[in-house]
Amino acid sequence: MNARFLFLFLLFLGGWSTSSLAQPSPLPNISIATRSDGLGYVIRFHLTSPADSFKLIQPSADLIQVAVYKKGVLSSLVKTPVVQAPFTRIGLNDVPNGVGVNIRLQADTYFIAKAYPDANGRHLLVGLTRATSREISILTAGMPAIDWVATSAPVRDVIQNVMIADTTTTIHTPIADTVPAAPVTIPRPANGYDGKIHTIVIDPGHGGHDPGAIGPRGTREKEVVLKVSLLLGEMIKQRMPDVNVVYTRGDDRFINLYERGRIANRAKGDLFISVHANSHRTSQPNGAEVFFLGMARTDEALEVMMKENSVIALEDPATRTRELTDEEIILYELTNTAYIANSQYFAAQIDGQFKSTAQRRSRGVKQAGFIVLYHASMPSVLVELGFLSNPAEEQYLRSANGQKALAESIFLGIQNYRKQMER
């Protein structure tokens, strides 16, 4: 009888107790790294297996608090990194079935913190994205800090008025260099949603008296995006016959930005995809990019946002869509973590397919305050297929093969997202 068989045999008979064996810590250490995009930092919790659940709050500019629930974690067994600017201290406290972490920052430094699992779903990441003092003041207003020592009940009960619902499902999302870290612990809606994708709303941008971008050869954005959107809808109908497809427009008509979101809401959509083509004042820029709703963190994202939001100037003044304020976008980020997290994951799936399926240059996944996404109450993305201002890319966007490849890429992104969500 070999040693391994004997070990298993004794365990089966109850002769040995697993409690008598030395158990490794479920959280051996915590590390800090600078983000590759230069927008902040990533704090990694090196878990041996996924956390049972986790919570993050940010009660002040200089304090981030994270509760990691994992049986067997003891603060005394966790190795913390040597901190340096902008961090001043990482302190750990034992809480029921887990550990509470205080992450202290230097005064006059401003970061928005969000927690999410890494790509393999095991480690927990806390992403810190540079912010302004104004953003932080809105985020932290009225949020009490947790006294870990005095907390004998689960943290979720102590801060139930601040945190999201406890019933969650987790999406594994890698960090994109061009996007701020986003949380991916997703509350399950309480309205009977069964976790499946029933309805997808496709929004071909512009239309009617709004041509959108126009290429050197006269290619109009509104026509390209309508063709790609209709191709995408047909692919969904043929390959996902159980999914309902709704278009905000199926022909050449103009629709207000807010009304596009309302169409999606009335249809009880589970996904919203707004399809566009980009342009630039020069002919060099090229490539596809995908956006989800949030504060624009780069000048390029801000420029695209302003261009797409400027459509409201073409709307009837009597029913014109109102512009968004920074406060509204920040509050949206705070109160719609589920939609934002799902949207980021969905955007990453489409972006990956643009690279692998359509063989297009990827400009990355980004956040920006698009009005059309703000009014759709569901996971939403805005896709920029390419630059009509680039002659070579204009030719590709005009071609039947190019349009089919782009529609196929979006479809495969939907397919991957659906598989993950319905798993």
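Colleague: In which loop is H206 found?

Modeller: This is a predicted model, in which local features need pLDDT of at least 70, side-chain atom pairs count only at pLDDT 80 or more, and totals for chains, interfaces and linings use all residues. Residues are numbered from 1 along each chain as its sequence is written, and side-chain values use heavy atoms, with hydrogens and water left out. Helices (H or I, at least four residues) and strands (E, at least two) are DSSP runs, numbered from the N terminus. On that numbering, H206 is found in the loop between strand 11 and helix 4 (221-239).

Colleague: Is H206 buried or exposed?

Modeller: Buried means under 20% relative accessible area, exposed over 50%, and partly exposed in between (1.4 Å probe, protein chains only). The relative accessibility of H206 is 6%, so H206 counts as buried.

Colleague: What is the mean pLDDT of the chain?

Modeller: pLDDT is the predictor's confidence in each residue, from 0 to 100. In this chain 81% of the residues reach 70 or more, and the mean is 80.

Colleague: Over residues 152-193, how many contacts does the model have beyond near neighbours in sequence?

Modeller: Contact means heavy atoms within 4.5 Å. The pLDDT over residues 152-193 is below 50. Where pLDDT is low, the predicted coordinates should not be read in detail. With that caution, the number of contacts for this stretch is 110.

Colleague: Which residues have the most contacts inside the largest nonpolar core?

Modeller: A nonpolar core is a set of buried Ala, Val, Leu, Ile, Met, Phe, Trp, Tyr and Cys residues joined through side-chain atoms within 4.5 Å. The largest one has 72 residues, and helix 11 (residues 400-422) gives the most to it, with nine residues. Those with the most contacts inside this core are I236, I273, L385 and I414.

Colleague: Which backbone oxygen lies 2.5 Å from a polar atom of the Q58 side chain?

Modeller: Q58 is in strand 3 (residues 53-60), and at 2% relative accessibility it counts as buried. Its contacts, leaving aside neighbours within four places in sequence, include L63, I112 and M143. The backbone oxygen is that of F111.

Colleague: What is the angle between the planes of Y41 and F87?

Modeller: Rings of Phe, Tyr and Trp (its six-membered ring) pair if their centres lie within 6.5 Å; planes under 30 degrees apart count as stacked, over 60 as edge-to-face and the rest as tilted. Y41 in strand 2 (residues 40-46) and F87 in strand 5 (residues 87-95) are 46 residues apart, and both are buried. The pair is edge-to-face, 5.4 Å centre to centre, with an angle of 75°.

Colleague: How many residues apart in sequence are the parts that the pair of Y345 and Y417 ties together?

Modeller: This pair is tilted, 6.2 Å centre to centre with 40° between the planes. Y345 and Y417 are both buried. Y345 lies in helix 8 (residues 337-356) and Y417 in helix 11, so the parts tied together are apart by 72 residues.

Colleague: Which ring does the charged end of R239 sit over?

Modeller: A charge sits over a ring if NZ of Lys or CZ of Arg is within 6 Å of the ring centre and within 35 degrees of the ring normal. For R239 the distance to the ring centre is 4.6 Å, and the ring is that of F411.

Colleague: Which residues does the cis peptide bond join?

Modeller: Most peptide bonds are trans. Here omega is about 10°, and the bond joins A85 and P86.

Conventions
A polar contact is a pair of N or O atoms within 3.5 Å; within protein, one must be able to donate a hydrogen and the other to accept it, and residues adjacent in sequence count only if both atoms are side-chain atoms.
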